[in-house]
Amino acid sequence: MQKSFFMSWSGGKDSALAYYRAVMEGHVPVALFTMFEKDGSKSRSHGLSLDVMEAQAERMGLPLVIGKADWAGYEEEFIEQLKSFQKEGIHMGVYGDIDLEAHLEWVEKVSAEAGMKVYHPLWQEPRKDLLKELVDEGFKAVITVVDTGRLDERFLGREFTHELIAELEALGIDACGEEGEFHTVIIDGPIFVEPVPVVFGKKIKADQYRILEVKLQSEE
């Protein structure tokens with residue numbers, strides 16, 4: 001049965017593939033939803049700026065809805081946003097989780113509080129199969145954050161290819177980055193009417209993380 005849905009949107013590869021699958025199954029996207037820092041400076045999950053994420057949403061033909069919170073108020077704000085979607089007649093949320101039980105349990109808990117159905121299109125599928133699908137379907141995912149305790153910063157700016165997947169696996173790294181080894185930004189693929197016009201800037205140090213600046217080309 002086809003359902004309208006909002007997409008829990010990180011701007012990265014897993015949420016992009018989950019969104020793509022949900023749409024290909026006939027479900028109808030209504031909005032993207034992303035949690036931001038309390039000051040609205042960047043997304044909580046992948047550290048992306050609002051203008052970059054709005055550029056993604058624009059090329060998907062959808063509005064971007066954001067919540068703003070620190071970690072202490074994150075869950076409360078998330079639930080309030082889900083309740084707002086319910087009032088608008090959106091009764092299902094789509095998420096890009098693959099196999100982390102703690103994530104699934106949290107999503108199910110907050111969704112139940114808001115009376116919202118949950119759909120995980122990627123759940124329990126082999127991680128490598130999902131990566132192969134991502135590349136084969138024409139998505140362009142670029143690594144923009146690395147945890148240097150687990151992955152060398154030389155991988156910043158690398159685009160996902162079959163060769164990169166093999167390279168990460170040869171190093172003993174989960175090529176999906178499900179444990180937070182790295183994060184990506186999606187800048188092209190079948191969900192966009194045109195590529196997202198980004199440029200990559202300097203590398204920023206934040207504790208054990210290295211973050212590659214992602215800006216729109218139109219920015220000064």
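Lys13, Asp14, Leu17, Leu122, Leu130, Leu131, Leu134 and Cys176 line the largest cavity of this predicted model. A cavity here is a set of points, on a 1 Å grid over the protein atoms alone, where a 1.4 Å probe fits but cannot get out, and lining residues have an atom within 4 Å of a point. Helices α1 and α5 (127–136) each give two or more residues to this lining; helices are DSSP runs (H or I, at least four residues), strands are E runs of at least two, and both are numbered from the N terminus. The volume is about 50 Å³, taken as the space filled by probe spheres set on the points.

Residues are numbered from 1 along each chain as its sequence is written. Local features need pLDDT of at least 70 and side-chain atom pairs 80 or more, while totals for chains, interfaces and linings use all residues, and side-chain values use heavy atoms, without hydrogens and water.

Let's move to the open spaces. A pocket is an open set with protein on both sides within 12 Å along at least five of seven lines. The largest pocket has a volume of about 1,300 Å³, and of its 41 lining residues, Arg44, Ser45, His46, His103 and His183 are the closest to its centre. Helix α1 turns up here too, among the elements supplying at least two residues of that lining.

The second largest pocket holds about 200 Å³. Nearest its centre lie Lys42, Gly47, Ile204, Ile211 and Glu213, and β9 gives the most to its lining, with 4 residues.
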